[in-house]
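Colleague: I am new to this structure and would like to learn how to read its features. Could we go through a few together?

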Amino acid sequence: MRVFVVLFLAAISMMSADRELLLFAGTPSHPAGQHEHNAGVLLLQKALARVPGLHTTVALNGVWPAPAVIEKADGIFFFADGAEGHPIFKSEEHVAEIRRAVARGVGLMFYHYAIEPPAAKGHQEMLDWISGYFELNHSVNPHWDATFQSLPKHPITQGVKPFTIRDEWYFNMRVPKTLQNATPILVATPPKEVFSEKDGPRLGNPDVRAKVGQPQVVAWAVERPDGGRGVGWTGGHFHKNLGDDNFRKLVLNALLWISKVEVPAGGVLSSVSAADLAENWDKKN
C-alpha cells in the first residue's frame, strides 16, 4: 500500500509540474530592428508568462546554457545567426548536448537564420531534428510580402487568421526525399521579381528559378520518430513583425507545441504595444 501511495504521489507531481521551455538568443547582429535576438526572446518570454503549465528560461547574448538547463528542458527555441556562427555547431559538445536532448524527445524550434547550419556540417542533424534546413546554393532569402491565404488544421494554427506580412522569408529549403509526419504551416507563392537571374550562395540558382509560380513552404512542423517535435520558421528578420497578432500567435503556439503543452483552442492570447517592441534592443553600430 505504501509503495502504491508513493508511486501515485509521484505521478501526480509529474502531471502538475510545469513543462520547461528554453529560449536561446544569439549575439547581436544586423542593423537595429533586424535580428534582435535578445529583444525577440524576451518579448516571447513575456507573452508566455501567463500560460499555465509552462515555465520559460532565457539564455541571452549567445551564452550557451549550463548542461543542467538543457537537461531540464522539454522544448528549446533558437533565434541566432546561423552558418559558420551557428551556436550549436560551433562546438562538438554543444552538438552532443542537443543530440542527447533530442534522444529523450525534447522539442526544437529554429527561427530565421538559425535554420541555416554551416556549409560543411550539421546538415543531417537538421534533417533529423526538424526535417529541413537552409542550404547554400539551393535555398534563397529574399525580402517579400507573403500572403498566407489558408492555414492547415494543426495546434500551431489555432486562433490564427489568414494574413500578409513582409519578411525575409527563406524558401526552397533542403528537405528529406520522404517527408513523413511533417505539416506545412505557412505556404505562400513568392512573386516572380524575387527570383534573381544571377547565381549566388543565397541569391539564386537554376533549381529555384525552375520553381517560379510554385507555392513554397516557409514554416513547417514535424513529429519525430523519437517522440519529439520540431519546427522550422524561416521568417523573423524584422523585430516589428512580432507586433502582428497572427504572426506572433503562430510563434507562441509553436513554442507550446514543441514543449508538449496543450495549445488553447483560440491560440495563445497576448498583446504587444509599441513600447513592448521598443524594449531590450541591442546596442549596434
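Colleague: Where is serine 196 found?

Modeller: Helices (H or I, at least four residues) and strands (E, at least two) are DSSP runs, numbered from the N terminus. Serine 196 lies in the loop between strand E7 (182-188) and helix H6 (206-209). This is a predicted model, in which local features need pLDDT of at least 70 and side-chain atom pairs count only at pLDDT 80 or more, while totals for chains, interfaces and linings use all residues. Residues are numbered from 1 along each chain as its sequence is written, and side-chain values use heavy atoms, with hydrogens and water left out.

Colleague: Is serine 196 buried or exposed, and which residues does serine 196 touch, not counting those up to four places away in sequence?

Modeller: Buried means under 20% relative accessible area, exposed over 50%, and partly exposed in between (1.4 Å probe, protein chains only). Serine 196 has a relative accessible area of 17%, so it is buried. Contact means heavy atoms within 4.5 Å; not counting residues up to four places away in sequence, serine 196 touches Leu203, Gly204 and Arg209.

Colleague: How many residues of helix H7 are buried, and what span should H7 have?

Modeller: The expected span of a helix is 1.5 Å times one less than its number of residues. For the 14 residues of H7 (residues 245-258) this gives 20 Å, and the end C-alpha atoms are 20 Å apart, which agrees. H7 is mostly covered, with 13 of its 14 residues buried, and it is followed by lysine 260, whose phi is positive, near 60 degrees.
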